[in-house]
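Subject: Structure for you to look at

Hello,

Here is the structure I said I would pass on. My notes follow below it.

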Amino acid sequence: MIAGLAGVTHSAVITVKQLGGGDYDTIGEAITNAFQDDIVEVYAGHYEETVVIDSNLTLKGMGPQKVIIDSPADGITVNDNRSATISGFSITAANNCIKLNFNVNAVIKNNCLVDCGNDGIWVCGPGGGGATAATITNNTIAYNGGEIGI
């Protein structure tokens with residue numbers, strides 16, 4: 001490992017295993033303790049939590065058949081001025097499956113976003129503004145209560 005070079009980043013892999021054996025038991029704990037550009041790998045389980053991403057990172061589930069997020073609010077929220085990749089989850093939520101706040105750069109791929117109270121993916125921001133860039137590929141978005149899937 002080379003240390004001391006300006007601009008060099010090192011991404012750590014943080015594991016979430018609901019039944020123990022990982023770095024953390026919940027997705028929220030892992031994100032809270034993650035550093036810029038880390039990768040949070042989520043192993044199989046049914047996670048009943050609201051996930052908020054407040055730093056640039058990758059959130060990677062082991063596949064939508066294996067990793068389920070069931071949230072009482074928005075499933076996953078990416079907050080203002082962040083970059084995130086979200087892949088490999090089934091998400092059901094009382095509000096939106098995935099919410100992208102103002103000035104977000106996001107890659108959303110290989111997820112199943114179903115039975116959310118509002119929209120599958122909600123791109124929002126102050127004054128009607130939206131995400132700077134959102135790449136959305138190979139997702140299943142269905143049976144959500146809002147007017148549109150995205």
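Lys 99 and Asp 74 are both buried. The model is a predicted one, and the side chains of these two residues form a salt bridge in it, with an N to O distance of 3.9 Å. The count of salt bridges comes to one. This pair joins distant parts of the chain: Lys 99 belongs to strand S10 (residues 98-100), while Asp 74 sits in the loop between strand S6 (67-71) and strand S7 (76-78), and 25 residues separate the two.

Lys 99 also turns up among the contacts of Ile 76. Leaving out residues up to four places away in sequence, Ile 76 touches Val 51, Ile 53, Leu 59, Ile 69, Ile 86, Ile 91, Cys 97 and Ile 98 as well.

Ile 76 is part of the largest nonpolar core, which has 31 residues. Along with Ile 27, Val 42, Ile 53, Leu 59, Phe 89 and Ile 98, Ile 76 touches the most other members. Helix H1 (residues 27-32) contributes the most to this core, namely three residues.

The last item is Thr 15, in strand S1 (residues 13-16). Its relative accessible area is 16%, and the limit for buried is under 20%, so Thr 15 counts as buried. Beyond its neighbours within four places in sequence, Thr 15 contacts Gly 22, Asp 23, Tyr 24, Glu 41 and Tyr 43.

Regards

How values were computed: Residues are numbered from 1 along each chain as its sequence is written. This is a predicted model: local features need pLDDT of at least 70, side-chain atom pairs count only at pLDDT 80 or more; totals for chains, interfaces and linings use all residues. Side-chain values use heavy atoms; hydrogens and water are left out. A nonpolar core is a set of buried Ala, Val, Leu, Ile, Met, Phe, Trp, Tyr and Cys residues joined through side-chain atoms within 4.5 Å. Buried means under 20% relative accessible area, exposed over 50%, partly exposed in between (1.4 Å probe, protein chains only). Helices (H or I, at least four residues) and strands (E, at least two) are DSSP runs, numbered from the N terminus. Contact means heavy atoms within 4.5 Å. A salt bridge is a side-chain nitrogen of Lys or Arg within 4 Å of a carboxyl oxygen of Asp or Glu.
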